[in-house]
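Here's a quick tour of one model, with its helix packing and nonpolar cores in view. Have a look at it first.

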Amino acid sequence: MAVLAVIAVAVGLVLAERLYRVFEVQLSGLILRVVTTSGVFVAGERETVYFGLSGDTPLGLRMTPECSSAFMLLPLLLVTAVMLYFRPRNAKRLFTSLAISAIVVILVNQMRVLAIVGLVNVMGIDEGYYWGHTLLGSMVSVLGGAVALVLFVWLSTRKPRAERGTA
């Protein structure tokens with residue numbers, strides 16, 4: 001039953017991917033409002049967060065499907081489903097590992113947005129966007145996704161505390 005639930009979440013994430021992007025852009029707007037005073041506006045229906053509104057060069061970042069963390073979550077969900085199938089006894093540990101790793105993936109994508117905003121503010125729109133989105137943003141996504149996957153595997157496969165003490 002748990003395997004089907006995880007697969008259903010994965011399918012739901014794919015089918016509701018646009019709504020998930022709206023959630024991500026809303027989260028970006030919330031974070032940007034905390035870390036910047038230059039004005040932020042979120043256009044959820046366009047999956048876009050605008051920043052730098054009080055300056056000379058405001059910019060909007062649109063959360064496209066390839067920029068979303070939704071598809072970075074899918075491997076975690078599918079690996080969880082497979083591991084649940086083979087080791088249903090470990091369900092609690094697998095769900096905990098999935099939750100922690102999913103939060104890491106979501107936060108990594110938010111760090112990517114913050115990197116873009118920071119570099120645009122420092123380097124200007126053209127260079128800042130290029131370096132923030134194309135280079136640094138891609139590195140943050142790849143490394144963050146790898147960290148989340150390694151963290152998931154480590155958390156989900158380590159022995160319980162009681163067994164570690166006797167080994």
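Contact here means heavy atoms within 4.5 Å. On that basis, and leaving out residues up to four places away in sequence, L73 touches L13, Y20, A102 and V105.

A bit of housekeeping: this is a predicted model, where local features need pLDDT of at least 70 and side-chain atom pairs count only at pLDDT 80 or more, while totals for chains, interfaces and linings use all residues. Numbering runs from 1 along each chain as its sequence is written, and side-chain values use heavy atoms, with hydrogens and water left out.

The predictor's per-residue confidence, pLDDT, goes from 0 to 100. Here's how it looks, with helices taken as DSSP runs (H or I, at least four residues):

| Part | Mean pLDDT |
|---|---|
| protein chain | 90 |
| α1, the highest element | 95 |
| α6 (residues 161-166), the lowest element | 65 |

In the chain, 96% of residues reach 70 or more.

Now the packing. Helices α3 (residues 70-86) and α4 (residues 91-123) meet at about 175°, axes 10 Å apart (lines fitted to C-alpha atoms over the stretch in contact, angles from 0 to 180 degrees between N-to-C directions). That makes α3 roughly antiparallel to α4, the label for angles over 145 degrees. L73, L76 and L77 are among the α3 residues in this contact, and A102 and V105 among those of α4.

L73, L76 and L77 also turn up in the largest nonpolar core, among the members that touch the most others. A nonpolar core joins buried (under 20% relative accessible area, 1.4 Å probe, protein chains only) Ala, Val, Leu, Ile, Met, Phe, Trp, Tyr and Cys residues through side-chain atoms within 4.5 Å.

Definitions and conventions
Helices (H or I, at least four residues) and strands (E, at least two) are DSSP runs, numbered from the N terminus. Angles under 35 degrees count as roughly parallel, over 145 as roughly antiparallel, 65 to 115 as roughly perpendicular and the rest as oblique. Buried means under 20% relative accessible area, exposed over 50%, partly exposed in between (1.4 Å probe, protein chains only).
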